[in-house]
Amino acid sequence: KRFFLANSSIGVGASANWLFNQENFLIRFLKSRWLNLAITYVTIKSILNFKNYPIELRSQNKKSNLMISHMSIIKNPYISGDLKFDQEIAPDDGKLGLNICENMSKLELVRVMIDLKKGKFSGKPKRYSCFIKDLQIKPNGLIPVELDGEIELIKEINYTIYPKAINILQ
């Protein structure tokens, strides 16, 4: 079991987080001076190297097979630096926000990044947003998943709300 507080991602977002955590010279230099530029750099580099993942997704007794480009499971609309979803979600509403980019080209993923910088995601082709209480993901093979910036390799993952599982100091 792993808990996350703010956000989790699969696809290009997880790849960008993995690259961001590698701490090579260029990324370390950019992070120390221009954090948003470092985030943009790792995101674009991840998009250029990315391939869509086939997954089986189950939520609320519905099953779908998708080619995932990016998926964010959120409790906070801000996902990295100034990148933000337009989904209204509260920390104590008992819901997870689900945002999916399906079977996108590299250019479409760049457009998603530009839109997230403007805080706009919904209402465009190949993009889906909803609220869920549970989610099960079965990829076709081992894939990286990001949980609050940390990367794990998974064969399957289940998301659910655990009320009061994490104490937050205010």
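Start your tour by selecting methionine 67: leaving aside neighbours within four places in sequence, methionine 67 is in contact (heavy atoms within 4.5 Å) with Asn52, Tyr53, Pro54, Cys101, Glu102 and Asn103. Before going on, note that this is a predicted model, where local features need pLDDT of at least 70, side-chain atom pairs count only at pLDDT 80 or more, and totals for chains, interfaces and linings use all residues. Residues are numbered from 1 along each chain as its sequence is written, and side-chain values use heavy atoms, with hydrogens and water left out.

**Around methionine 67**

Colour by secondary structure and you will find methionine 67 in strand E3; helices (H or I, at least four residues) and strands (E, at least two) are DSSP runs, numbered from the N terminus.

**Into the core**

Next, select Ile10, Ile55, Met71, Ile73, Leu135, Ile137 and Tyr159. Of the 43 residues in the largest nonpolar core, these touch the most other members. Such a core is a set of buried Ala, Val, Leu, Ile, Met, Phe, Trp, Tyr and Cys residues joined through side-chain atoms within 4.5 Å. Strand E3 (residues 62-74) gives the most to this core, with five residues. Centre on leucine 135 and show what surrounds it: not counting residues up to four places away in sequence, leucine 135 touches Leu57, Arg58, Ser59, Met71, Ile73, Leu98, Ile157, Asn158 and Tyr159.

**Charged pairs**

The structure holds seven salt bridges, each a side-chain nitrogen of Lys or Arg within 4 Å of a carboxyl oxygen of Asp or Glu. Which residue pairs with glutamate 108? Select lysine 126, whose salt bridge with glutamate 108 has its closest N and O atoms 3.1 Å apart. This pair links distant parts of the chain, 18 residues apart: glutamate 108 is in helix H4 (residues 106-117), and lysine 126 is in the loop between H4 and strand E7 (127-132).

Move along to aspartate 115, which meets lysine 124 in a salt bridge (2.9 Å, N to O). Lysine 124 is partly exposed at 38% relative accessible area, whereas aspartate 115 is buried at 8%. Aspartate 115 also forms a salt bridge with arginine 127, with the closest N and O atoms 2.8 Å apart. Aspartate 115 lies in helix H4 and arginine 127 in strand E7, so this pair ties together parts that are 12 residues apart in sequence.

Stay with arginine 127, which counts as buried at 10% relative accessibility. A polar atom of its side chain lies 3.1 Å from the backbone oxygen of phenylalanine 121. Not counting residues up to four places away in sequence, arginine 127 touches Ile100, Met104, Arg111, Val112, Asp115, Lys120 and Phe121.

**Last stop: the surface**

Finally, switch to a surface view and select Phe25, Leu26, Phe29, Trp34 and Leu37, which make a nonpolar patch of about 510 Å². Patches are made of residues with over 30% relative accessible area and no salt bridge: like charges are joined within 9 Å, nonpolar side chains (Val, Leu, Ile, Met, Phe, Trp, Tyr) within 5 Å. Accessible areas come from the Shrake-Rupley method with a 1.4 Å probe; for residues, only the protein chains shown count as cover. Helix H2 (residues 25-33) supplies the largest share of the patch, three residues. Leucine 37 lies in helix H3 (residues 35-48) and is partly exposed at 44% relative accessibility.

Technical notes. Buried means under 20% relative accessible area, exposed over 50%, partly exposed in between (1.4 Å probe, protein chains only). A polar contact is a pair of N or O atoms within 3.5 Å; within protein, one must be able to donate a hydrogen and the other to accept it, and residues adjacent in sequence count only if both atoms are side-chain atoms.
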